[in-house]
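Please read it with the sequence and the structure side by side.

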Amino acid sequence: MEISMSFKAINLNDELQAGLKAANYTEMTSTQAACLPDVLSGKDVAVQAKTGSGKTLAFALGLLSKIDVLAKSPQALIMCPTRELAEQVAEQIRLVGKRMSNLKVVSLVGGMPMGPQIVSLRYGASVVVGTPGRIMDHIGKRTVSLKKVNTLVLDEADRMLDMGFEDEMRVVMHHLSQTAQAATRQTLLFSATYPEQIQKITNQYQRDAKIIKVESAEKVANIEQQAYRILNEHRTQAVAALLTHHQIESTIVFCRTRRETRELCEELYQMGFAAAGLHGDLEQSERSQVLARFTNKTVSVLVATDVAARGLDIERVDLVINHRVSEDIDTHTHRIGRTGRAEEKGLAITLIDEAEEAKLDEIAAKTDATIKKLSIQSVRFHANRIREPEFVCIAVDGGKRDKLRPGDILGALTKEAEIPGTDIGKISISARHAYIAIKARSVKRALGQFRERKIKGKRFKARKLS
Ligand code: ADP
Ligand code: MG
């Protein structure tokens, strides 16, 4: 991430400055530096910047600086394409808004029952984050009032269109245009790409918008690209061979369809790789589990569809493999942008059969990239060279709702169960679950701890994930 100047240079209230400090955000990313002055001035802004450039924090600061927590009615509405993104956005807003007392952020996402969402809304939300369809449903049922919304954010706007949410978005935006706030509302749009359709949304729903495009050429230069010519029927074998050839701790393999994702993941798993799939067929809780495991490094190969991975805040990895060439340039750029961490050079490999070669050449030409073509003959699969994760994962049926914090778990495992701290890796906590990365030799002891003792006065079920 390119870093520019300090947040202190911009005009933010004390609570937000304190929130930034508590969250350890000191310098703005170049995207934040480019758009925050306009965002904070109340202007309508459309920002095009690549994934991972810190767009969420940019609009979070903008909308929070206008919130009156005593108003008890939503003043900011954010639309996101997927449930995970909505949750990530809600988390980011809570994090930086930590020093605003009584700030309530409610997420309204599909695939979850409406009842609890309605209850949360009744308690008085200041910020609503959700997916277009579910927000529309709440509007239809009159369970949410958007009369006081003075900031509307369309996050990952390109992806919302790609996923077919245009109609739902328009219904919500039309509803907002009928409210008294309409004339003074600020509309912010964020997108990784800026195709014509987005331009149309800007023209129609934003007022005199300033369009800010943040260039990202230098980032791509930090990625080495290779292509391997293969026969179509050898794709899985080629992925396996490349994985044992490079032996990298975390790799993302991109597939085009859910079915390919499922199949490839299953095959890699059978071969002995710690692989997990991320695609649209999974339940919300399964998706969170996969992401938690990839992040805590108990899964080393993430097989994902573009749709499922788009926009997600996954740490960059050292290797990205494209199981097939992307359909379009943006998708390719996005995929390879998942590699190249900090100052390290990333590697992005694309598998191509004869029919795909022209497509890859076109992508290389249009993105001004050099893609070295290699022969897969030189790369062999070796079962004994599969890189095993250092840790395994324990899932606990208890999370933030049970007031469980990483420190509570770490304390119980190191002090009570006397597991050496070096045997415990990352502990992450979602609403209902906790995931613990732990060395295999300490699993039994850890499970015993959960079976026999309470944490914070409660007994939690725990199991090892395989
Ligand atoms: P985008 O929406 O542009 O894809 P995100 O908003 O998801 O990117 O941010 C990517 C990551 O960068 C997040 O983990 C976020 O916490 C982190 N981040 C954002 N702004 C900063 C900053 N100013 N300094 C350090 N990290 C930041
Ligand atoms: Mg984003």
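Which helix gives the most to the lining of the largest cavity? That helix is H11 (residues 235-246), with four residues, where helices (H or I, at least four residues) and strands (E, at least two) are DSSP runs numbered from the N terminus. This is a predicted model, in which local features need pLDDT of at least 70 and side-chain atom pairs count only at pLDDT 80 or more, while totals for chains, interfaces and linings use all residues. Residues are numbered from 1 along each chain as its sequence is written, chains are lettered from A and ligands numbered from 1 in the order in which they are written, and side-chain values use heavy atoms, with hydrogens and water left out.

**Cavities**

- Three cavities of 30 Å³ or more are found in a search of the whole structure; a cavity is a set of points, on a 1 Å grid over the protein atoms alone, where a 1.4 Å probe fits but cannot get out, and its lining residues have an atom within 4 Å of a point.
- The largest cavity has a volume of about 80 Å³, a volume being the space filled by probe spheres set on the points, which are joined across faces, edges and corners.
- Among the residues that line the largest cavity are Leu-242, His-246, Phe-273, Ser-300 and Arg-387, and by class this lining has six nonpolar, five polar and one charged residues (Ala, Val, Leu, Ile, Met, Phe, Trp, Tyr, Cys and Pro count as nonpolar, Asp, Glu, Lys and Arg as charged, and the others, Gly among them, as polar).
- The second largest cavity, with a volume of about 60 Å³, is lined by residues including Phe-254, Asp-306, Arg-310 and His-334.
- Helix H14 (306-309) and helix H15 (329-336) each give two or more residues to the lining of the second largest cavity, and H15 gives the most, with three.
- The lining of the second largest cavity divides into two nonpolar, two polar and four charged residues.

**Ligand 1**

- Tyr-25, Glu-27, Gly-52, Thr-56 and Asp-313 come nearest among the 18 residues around ligand 1, a residue being near if one of its heavy atoms lies within 4 Å.
- The shell around ligand 1 has five nonpolar, eight polar and five charged residues, and strand S2 (27-29) and helix H3 (55-64) each supply at least two of its residues.
- An oxygen atom of ligand 1 lies 2.7 Å from a polar side-chain atom of Tyr-25, whereas a nitrogen atom of ligand 1 is 2.7 Å from a polar backbone atom of Glu-27.

Key. On a 1 Å grid over the protein atoms alone, a cavity is a set of points where a 1.4 Å probe fits but cannot get out, and a pocket is an open set with protein on both sides within 12 Å along at least five of seven lines; lining residues have an atom within 4 Å of a point. A polar contact is a pair of N or O atoms within 3.5 Å; within protein, one must be able to donate a hydrogen and the other to accept it, and residues adjacent in sequence count only if both atoms are side-chain atoms.
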